[in-house]
Amino acid sequence: MHLNRLLTAAALALAAVAAHAQPKPGISDDVVKIGLLLDMSGLYADVTGRGSAAAAQMAIDDFGGKVLGKKVELVVVDHQNKADIAANKAREWFDTDKVDAILDVAASAPALAVLDVAKQKNKVVVFSGPGSERITNDLCTPVSVHYAYDTYALANTTARAMVQRGGKTWFFLTADYAFGHTLQQSATTVVTEAGGQALGAARHPINTSDFASYLLQAQASKAQVVGLANAGGDTVNAIKAASEFGLTRNGTQKMAGLLLYINDIHAIGLKTAQGLVLTEAFYWDMNDATRTWSRKYFDKVKKMPNMSQAGVYSSVTHYLKSVQAAGTDETAPVMKQMKSLPINDFFAKNARIREDGRMIHDMYLFEVKKPEESKYPWDYYKLLATVPGDQAFMPPAKSQCPLLKK
């Protein structure tokens, strides 16, 4: 009996030593597979789509195409702005196609659906395209990161600035889905806190072609500011229609784009867009680093990058650095590295990923130039203010994320 106990103890000791000595898991399936679920043909194709896919591939190529000696592969699918298609594809990718991480999902409704799948499957998911602040607020998870911007930062920066400039009363044109609702709610809170008042809103279906009835409601409200709580083609069409409608002609009403991309300004034209105040996380013409990368991007895409597309490049690079530092593509070690490694590149300086998954970085308040102020192609913005990340994004004290309450 005594001998049996000794043998058992020895066996246990050897097992413990062997377990401790095992190398890190390394790269599963000998490839790091990254997925993007984008709008390749619809309302947000111009602000995500081919441009985001190109940015991700640039990041992989610039990293050398490999991490820890294993190939990095990119897969891209058009989710057609449908949450069910996005969720089903994410599930298929994780279950059968051995995708290790999804590093962007265009639009908030598909993104929230994929967020739930990633949480169930314990897989990394990073967002630069969608805006809903819920991603790092009440729906935060240990496996998700919100990278480029969110509705809180947009509303907090643009709406506060407009109220401070005298725009005290607001009426919203709101896209009738998760992103639009959240953006309107966030802006309303900021406007009220700053001493202003929200007079109402007109909700329109996604991909609206006729804004006449909604603009009539905005005009009838007599609000000083018409806030656009929409995105992509809807924002472009609303601004063009407002110009044709003469909404801002007499100067009594101004328009505030709560999510405007440089692609939108390019589509609208400076003659119509001049004077618009907007918030971005990135502008291609900020400094030498942004210009160098953006011109390389332009050579491939023939358009200047927006904040989501630049964010995709930065986040893919940060993910690969984190895999390298972790020595594995397993979710928990990679997420630990993503939250501990600082982010310093052309997209963001001295940035970090908070425990709730919110990437904290500076945001920028811009005004769209007049046509005569623009000196060369894509010279569209003048900088009004730089807002530090800890002021732009939701403070931990306001958050409902349990990961911040530990």
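In this predicted model, domain 1 and domain 2 bury about 2100 Å² between them, and 68% of that area lies on carbon and sulfur atoms. Leu43, Glu133 and Met307 supply 26% of the area that domain 1 buries against domain 2, more than any other three residues. The contact involves 24 residues of domain 1 and 27 residues of domain 2. Taken over C-alpha atoms, the centres of the two domains are separated by 26 Å.

| Domain | Residue ranges |
|---|---|
| Domain 1 | residues 31–149 + 286–361 |
| Domain 2 | residues 152–280 + 363–392 |

**Overall dimensions**

The chain contains 14 helices and 15 strands. Its C-alpha trace spans about 95 × 45 × 35 Å along the principal axes. For 406 residues, a compact globule would have a radius of gyration near 22 Å; the chain has 23 Å and therefore agrees with that expectation. Of the 406 residues, 56% count as buried. The accessible surface of the chain comes to about 16800 Å², and carbon and sulfur atoms hold 52% of this surface. Among contacts in the chain with a separation of 6 or more, 71% are made by residues 24 or more positions apart.

In soluble globular proteins, nonpolar side chains tend to be buried together. Here, the largest nonpolar core has 116 residues, and those with the most contacts inside it are Ile34, Trp170, Leu173, Tyr319 and Phe347. Helix α12, residues 307–326, provides the largest share of this core, with nine residues. Both domains take part in this core: at least three residues come from each of domain 1 and domain 2. A second, separate core consists of 21 residues, including Val75, Ala86, Ile102 and Leu115.

**Ser314 in helix α12**

Helix α12 also holds Ser314. The relative accessibility of Ser314 is 1%, and because buried means under 20%, Ser314 counts as buried. When residues up to four places away in sequence are not counted, Ser314 touches Tyr147, Ile343, Asp345 and Phe347. One of these partners, Phe347, is also among the residues with the most contacts inside the largest nonpolar core.

Notes: Residues numbered from 1 in each chain as written. Predicted model: local features only at pLDDT ≥ 70, side-chain atom pairs only at ≥ 80, totals over all residues. Heavy atoms only, no water. Core = buried A, V, L, I, M, F, W, Y, C linked by side-chain atoms within 4.5 Å. Buried < 20%, exposed > 50% of the residue type's maximum accessible area, 1.4 Å probe, protein only. Helix = DSSP H or I, 4+ residues; strand = E, 2+ residues; numbered from the N terminus. Domains from an automatic or database assignment. Rg over C-alpha atoms; globule rule 2.2 N^0.38 Å. Contact = heavy atoms within 4.5 Å. Areas by Shrake-Rupley, 256 points an atom, 1.4 Å probe, with all protein chains shown as cover. Buried area = accessible area lost by both parts, 1.4 Å probe.
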